[in-house]
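Subject: Structure handover

Hello,

Here is the structure we talked about. Please open it alongside this note. My findings follow below.

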Amino acid sequence: MDLEPVKLQYATSRESTDIVHLEKSYGLFIDGKMVEPRSGAMFTSVNPATEEPLTQVAEAGSDDVDLAVAAARRAYEHGWRDLPGKERAKYVFRIARLLQERAREFAVLETIDGGKPIKESRDVDIPLAAAHFFYYAGWADKLGYAFPGRRPKPIGVAGQIIPWNFPLLMAAWKLAPALASGNTVVLKPAETTPLTALLLTEVLRDADLPPGVVNVLTGDGVAGAALVNHPGVDKIAFTGSTDVGKEIQRALAGTGKRLTLELGGKAANIVFEDAALDQAVEGVVNGIFFNQGHVCCAGSRLLLQEPIAEAFLDKLRSRMATLRVGDPLDKNTDVGAINSRQQLDKISSLVDAGVEEGAEMYQAPCPLPERGFWFRPTILTGVTPAHRVAQEEIFGPVLSVLTFRTPEEAVAKANNTRYGLSAGVWTEKGSKILWMADRLRAGVVWENTFNRFDPASPFGGFRESGFGREGGVQGLAPYLALEAIDA
Ligand code: NAD
């Protein structure tokens, strides 16, 4: 007797937002206090899943940047710089503990401000942010052992500018090593996702962090540029687009300021014919649809070895048909809202360009909510290396598929990009993985997995993906002057 396959559905399981308390408006966090912006300007933060305004946030201007940098300088010179490492460690550790205690609140706020699924903010963003503070708390009193033969000293005031795709996590990547190594900070969150950085200021206060050690300036690129160009800043750490990164590098040339850039990517996820295909399908789905593809290291180019290409695409399309797209607060949601209308327009226009250039489009057949910013999980097949969708970062849930015959061709195609942030290799042969990893020009090469992060592991790019590393002992170096001990 033939049995009909049973189609199981998930009942909605919506996370409550009661835990989040939003003020009507927020000022800037300068010298340990929330203050009105000198600029007098405010902007609205919007929930991208509903298009509803959430709250008003201050838009910092250059006078505000002056005040924040002055507060950071005072805090640096009058205490923080000279605090013993084991004392600094206590503050950083406390921040980690407080983040854990308020993890649910941070997760819900991250989801309503940015559109990412609650299961990701709850299970990835917030735990990893806390893990970074824990990890660097451990280094604060051991800096002398981190760089043998060198005497590490903090460098001063760091200006840190972050993007909207992992708002709290990017703040943690930047703040934790800077604080552990004795620097003070002016942090500028992205304009569409300022709210978890503002909530973090409560944690900083509860951790008794001395005033001025961390200052948070919300605002747009104008505030970012004022911070970059401020003469009182000793180091800039920037995560964002390659275009803005280049602008910053040009602005800082010859100033003597330290700079690290974490920029865009166009990673190749390479599947060989001997790979465990079902496992690889999961890795490819995670690689491109995690966080709606708003991931700098997303596996946005899929390279399939020819003999398995058709079978793999069949499996991938069936898997995509099961993705649940919609309300980010539903715990079953796999793909949430696109972060802003501007980003949605960018994704749509690049996909249109791909189709015009001859790519064939498949989109997951999922219903989309009526309001908010949404884009169906999409794959483009028949893509050639010259197509825009094979070269430009789409930063959305869109996968460009290419094929290859030999490992040499896979390497050549994977490296045929101006970026160099990450790559993935799927094969059952360890020797092939090592052979590939030697030749792929990417900061991270994942083998039989993708999008794995750990605070102890350095992350960063080559070429137009930027320079400098975050995470691990390597992530401390940009925040330290390393004098030779016998100098
Ligand atoms: P973006 O460059 O537009 O903005 C990033 C930040 O820079 C924001 O805070 C913005 O306000 C600020 N900014 C804008 N113009 C500026 C200027 N002239 N001077 C100083 N600051 C300025 O990037 P985005 O759209 O927010 O973020 C997406 C980009 O970030 C993608 O390209 C992505 O790949 C990249 N990214 C990289 C990493 C990494 O670790 N390599 C991680 C996350 C995101």
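Helices H4 and H6 run roughly parallel to each other, because their packing angle of about 5° falls under 35 degrees. Keep in mind that this is a predicted model. H4 covers residues 118–139 and H6 covers residues 167–180. Their axes lie 9 Å apart.

On the H4 side, the contact is made by Asp-125, Ile-126, Leu-128, Ala-129, His-132, Phe-133 and Tyr-136. H6 contributes Leu-168, Leu-169, Ala-172, Trp-173, Leu-175, Ala-176, Pro-177 and Ala-180. By class, that makes 13 nonpolar residues, 1 polar and 1 charged.

- Ser-241: a polar side-chain atom sits 2.6 Å from a ligand oxygen.
- Leu-263: a polar backbone atom is 2.8 Å from a ligand nitrogen.
- Trp-164: an N or O atom of the side chain is 3.0 Å from a ligand oxygen.

How much of the ligand does the protein bury? Taken alone, the ligand exposes 850 Å², and the protein buries 89% of that.

Best wishes

How values were computed. Residues numbered from 1 in each chain as written. Predicted model: local features only at pLDDT ≥ 70, side-chain atom pairs only at ≥ 80, totals over all residues. Heavy atoms only, no water. Axes fitted to C-alpha atoms, helices over the stretch in contact; angles between N-to-C directions. Helix = DSSP H or I, 4+ residues; strand = E, 2+ residues; numbered from the N terminus. Parallel < 35°, antiparallel > 145°, perpendicular 65-115°, else oblique. Contact = heavy atoms within 4.5 Å. Nonpolar A, V, L, I, M, F, W, Y, C, P; charged D, E, K, R; others polar. Polar contact = N/O pair within 3.5 Å; in protein donor to acceptor, adjacent residues only side chain to side chain. Areas by Shrake-Rupley, 256 points an atom, 1.4 Å probe, with all protein chains shown as cover.
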